[in-house]
Amino acid sequence: FPRTYCELWAHAQNNLDMLLQQEREEFLCPETDREKVWRMLGTSYIQYLAILRDLEEAYEHLVHLQKREAIRHVLDGVMGRILEIKKEMVVLQNSECQSWGDILVELNCVPDNLEIPIPRYFIKENLEVLQHRERTLDEILLNAGLQEQKPVQTMTIPEAVRVIQVAERARQGRCRAAFMKRNYLEEKRRPKSEEHTGLSPDDAATCIQKVNFWFNNDLSKPREQHVVQKSSCRQTQLGGWEIILKLSLYHFYPGNGISTLPPHLEASSSLQRHAGEVSTLQGAIQETLDEESFKAELREAERPHMMETLQAQISQCFTECRHITGRFPDYPTEKAGGSKALFSEKTPLEVAEKLDAKEKMEEKAQQEKNKREEKQKPEIKKPQKAGKKEVDEGWKMGPSNFLSILEEGSRRYKVFWQNRENRLDFLQDHDPELIKEGKREEVEEEIRVQVDELMQEKLRNLKVHVDGEKIGTKKKGGKGGKVRATRGRIWVMSLACRTIDSLYQELAEEGLLIKAKTVNLSNYIGQDSFVRNVLRGPAAQPLPSPRDVRQLVALYGILPLGSQVVHENAPLVKSMLLAGPAGVGKKMLVHAICTETGANLFNLTPSNIAGKYSGMEALLMMLHMVLKVGKQLQPSVVWIGNTEKLFSKAWKGEEMNLKRLGKMLPLFLKALKAQDRVLLVGTTSRPFEADVGPFCKLYQKIILIPRPDYLARFGKYFTSSWWLLLPSFWKHFILQNGGTFSNLVDLSCLAQVSDGFTQGHILDVAQTVLSELRLLQMPRKPLRTVEFVTSLARHIPVYKEEEEAFEVTF
């Protein structure tokens, strides 16, 4: 119900107000106790996550567009603030992973509260564009032979007959609806004099027979439920052809008189079907409000008054400025703000003072520039006297780009929505006056542009006839107007003339633009490692747990790519490296980023670009194409697998092309601005083979993904009084591939013998053992532990020396 989610929104706003007040009191005061600083940051971080979770839930289910707009404004601000606090925590502890135990206990929270909620509007609001892009990519790949068409599943004769009946009944319904619509329009256009006073006896008998057939035939209950009566027609305000079209969607098969759907179209349960209908209806209602109609109405009603007011104000400003300064002012250009810059609620005296102050500021700036040029000498620091120590001013929160957004959102909520009665707003109808108030600024801006053109011409005439100025026409051309044609390379000119569609098609045909696999970030299972970091000792850097990996990927990859506001104002992350042994899920995380944000996926893995775009100019052209398409069709992810090969210590003759690509990547990142939602993601399983200096300098964020420990493989954690159930890789992959457990499968034994193996190894073992034949034999031959152990022995584990090499490298 709307009231429920309005209360959830109000609860989140109250928590946000208290949190902002707490930050004003604590974060602005210098603090020397680093432990206290960490607790303040950690507490705020978890509280912001809870607020984000509530706001996202309210935004997803509310239909009121104006409320959704207000929530969206705050939602982006909360996500950006989370990223700013995360940056402060990383700088404070010099680590991407933090220990949350004490803070979770203080706040009475569980580890699941640390999960980053990913807003669903990243995909839903761009669903049509993403679906069109996916269809285009499928068509290109099919035509290029890079993708096989999915085989059509054969159906039985009864299923084929049922599908034909469904299509035929729908066709008849559409034809009947079109026929009834034509009749209705003809009757409406017919003059009243030509109308019949009543039906003929034959027509009346036919009408009665039709009604009698509908009500007296032995039909099933579903059909009786969908008989549209006269009263319901009035309530829904549907025309006769629309009613028949809706009724034609229910299929009545001859012989049994039962209204059914084909089995593959039926929902698994009535609850799922109802939830799907509610979600579809909700999404349809969220898109029904046409704000342009309100804008047009406002423009038509208030345009004359606005134009007259603006012209009077600008004319008065011309007259008063000439009376004070002795000349008419120069009309500001459009870049300077137009008439906004000419008068900003200032008196003529203030305008004159502003002109004088501007001249004085220019003179002062010139004097300071001359002094700086004269005194450009290196400052010599005086030696510090013995016995004096530098005073540590303490930690202080840096400036924020999102606090103003959050405060503005809170202010708007208190003014417009806090005291609004939501119980009477069951239909969640819009507020016309509120929409007009928001659109008034846009209408004023459009009218101001038109007024500026008229007043510029009027000012030009005033200067000619009153001041006697001679305004000559500027000569066209000259040094400033000439467009100098540089001798660029041929590929630069060709790319400039090509469309985005042609570049998109070429990248797809060359295999550089690939289709991302549909996998969510939540599919990367695993929880915190309770024992591993304790065994490593307090001095060692903590290794990321699966929960930490999900959190970091969401913070640095998904949230900035999904929201333009967050990407432009949050700490900018252009590149990210996922490092870990083979099989820990690095590629899966790359595909999860694309799935959660709807991003394009460019594959620049060395094995994928081998034999393509050889040479310096060809590589530059390739990167330029990727950059151009990625910016235009953002968000985009540029993935480089086995990225250590671009920075290998030992080069061979045929690998020089990769070395050139490695040197071009810093220039590629430099071309990305804050408004470009493009992320470079590298994956590597052998980073110790690369030249560490330029390799680590390329990637701003490096996430080390270790192999799973015993608890992750076993799925249980035992304390003195209770068992904690965790996701088990063995159990998850066995059930995922159709297997069932019995007393003959010992998870503890499998977890012990799989020490040193990764998630990929366990998944491969489960798929190998649980073949189609083995699944058929399972009812009479249950699974045994030895089957998985035998298959696991064929894989090479991750040895301790390799793990230590990862830690030493990073």
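**Figure 1. Gln-759 in helix H32 of the predicted model.** Gln-759 lies in helix H32, where helices are DSSP runs of H or I with at least four residues, strands are runs of E with at least two, and both are numbered from the N terminus. The model is predicted, so local features need pLDDT of at least 70 and side-chain atom pairs count only at pLDDT 80 or more, whereas totals for chains, interfaces and linings use all residues. Residues are numbered from 1 along each chain as its sequence is written, and side-chain values use heavy atoms, with hydrogens and water left out. With a relative accessibility of 8%, Gln-759 counts as buried (under 20% relative accessible area; exposed is over 50% and partly exposed in between, with a 1.4 Å probe and protein chains only). Apart from neighbours within four places in sequence, Gln-759 is in contact with Tyr-524, Gly-583, Val-584, Pro-708, Phe-729 and Phe-733, contact meaning heavy atoms within 4.5 Å.

**Figure 2. The buried face of helix H30.** Helix H30 spans residues 729-736, and its buried residues are Phe-729, Trp-730, Phe-733 and Ile-734. Viewed down the axis of H30, these residues fall within an arc of 120° and so line one face of the helix; the arc is that of the directions from the helix axis to the C-beta atoms. They pack against helices H29 (710-714), H31 (747-753), H32 (759-769) and H34 (785-792). Gly-738, with a positive phi near 95°, follows H30.

**Figure 3. Packing of helices H32 and H34.** The axes of H32 and H34 come within 9 Å and cross at roughly 120°; axes are lines fitted to C-alpha atoms, for helices over the stretch in contact, and angles run from 0 to 180 degrees between N-to-C directions. H32 is therefore oblique to H34 (angles under 35 degrees count as roughly parallel, over 145 as roughly antiparallel, 65 to 115 as roughly perpendicular and the rest as oblique). Their crossing is right-handed, that is, the near helix is turned clockwise from the far one by less than a right angle. Val-765, Ala-766, Thr-768 and Val-769 of H32 meet Glu-787, Phe-788, Ser-791 and Leu-792 of H34. By class, this contact has 5 nonpolar, 2 polar and 1 charged residues (Ala, Val, Leu, Ile, Met, Phe, Trp, Tyr, Cys and Pro are nonpolar, Asp, Glu, Lys and Arg charged, and the others, Gly among them, polar).

**Figure 4. Ser-791 in helix H34.** Ser-791 is found in helix H34 and is buried, with a relative accessible area of 4%. Beyond its neighbours within four places in sequence, Ser-791 is in contact with Val-765, Thr-768 and Val-769.

**Figure 5. Packing of helices H26 and H27.** Helix H26 (residues 616-632) packs with helix H27 (residues 656-670) at an angle of about 40°, their axes being 10 Å apart. This angle makes H26 oblique to H27, and H26 passes H27 in a right-handed crossing. From H26, Met-616, Leu-619, Leu-620, Met-622, Leu-623, Val-626 and Leu-627 meet Asn-657, Arg-660, Leu-661, Met-664 and Phe-668 in H27. The residues of this contact comprise 10 nonpolar, 1 polar and 1 charged.
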